[in-house]
Amino acid sequence: MPTEKKWKIAEFMLEKWDELKEYYILTGISLSFEMYLASFVVLAALTAFILAALKISLLTSIVAFISIISFIALIPINLRDKRITQIDENLPEALKYMALVLKAGGTTETAFAEASNAGYGPVSTEFKTAL
């Protein structure tokens, strides 16, 4: 395999790694990405070894390993999509609430504080972070 092709493959893998890490960060899970990754790799390896120790077919062990490893990507993508949906649903109401606070004479900081405590899901969480 030519060196140039190896570099293209490495660049592609790094790009996907960064994309997965970004998805993971957007999920809001407090565990570090590396720890999350390591826990799934260990879980997948243990499952494969246990299945092999029980003398279950090698194919079943490999399929179990691959299935568990696939959760490394599936969980962050699913949680991120769910979070985006919640933000899309709650942001208009939160902004209307902030507009009412501003119309009533409140400051921008007060509007953010009120909206962050009003229960708008991830929108409230992000407003708390902004304050």
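Is Tyr24 buried or exposed? Tyr24 is buried, with a relative accessible area of 2%; buried means under 20% relative accessible area, exposed over 50%, and partly exposed in between (1.4 Å probe, protein chains only). The structure is a predicted model, in which local features need pLDDT of at least 70 and side-chain atom pairs count only at pLDDT 80 or more, while totals for chains, interfaces and linings use all residues. Residues are numbered from 1 along each chain as its sequence is written, and side-chain values use heavy atoms, with hydrogens and water left out.

A search of the whole structure finds 6 aromatic pairs (rings of Phe, Tyr and Trp, the last by its six-membered ring, with centres within 6.5 Å; planes under 30 degrees apart count as stacked, over 60 as edge-to-face and the rest as tilted). Trp17 and Phe33 form an edge-to-face pair, at 5.1 Å centre to centre and 75° between the planes. This pair links distant parts of the chain, with Trp17 in helix 1 and Phe33 in helix 2 (residues 33–53), 16 residues apart. Helices (H or I, at least four residues) are DSSP runs, numbered from the N terminus. Trp17 counts as partly exposed because its relative accessibility is 35%, whereas Phe33 counts as buried at 4%. Tyr24 and Tyr36 form a tilted pair, at 4.7 Å centre to centre and 35° between the planes. Here too distant parts of the chain are linked: Tyr24 lies in helix 1 and Tyr36 in helix 2, 12 residues apart. Tyr36 counts as buried at 4% relative accessibility. Trp17, Tyr24, Phe33, Tyr36 and Phe40 form one aromatic cluster.

The structure holds 5 salt bridges (a side-chain nitrogen of Lys or Arg within 4 Å of a carboxyl oxygen of Asp or Glu). One of them joins the side chains of Glu34 and Lys21 at 3.1 Å, N to O. Glu34 lies in helix 2 and Lys21 in helix 1, so the pair ties together parts that are 13 residues apart in sequence. Glu34 is partly exposed, with a relative accessible area of 43%, and Lys21 is partly exposed at 28%. Glu19 forms a salt bridge with Lys16, the closest N and O atoms being 3.7 Å apart. Both Glu19 and Lys16 lie in helix 1, 3 residues apart, about one turn of the helix. In helix 3 (residues 58–103), Lys96 and Glu93 are likewise 3 residues apart, and their salt bridge has its closest N and O atoms 3.6 Å apart. Glu93 is partly exposed, with a relative accessible area of 41%.

Terms used: Helix = DSSP H or I, 4+ residues; strand = E, 2+ residues; numbered from the N terminus.
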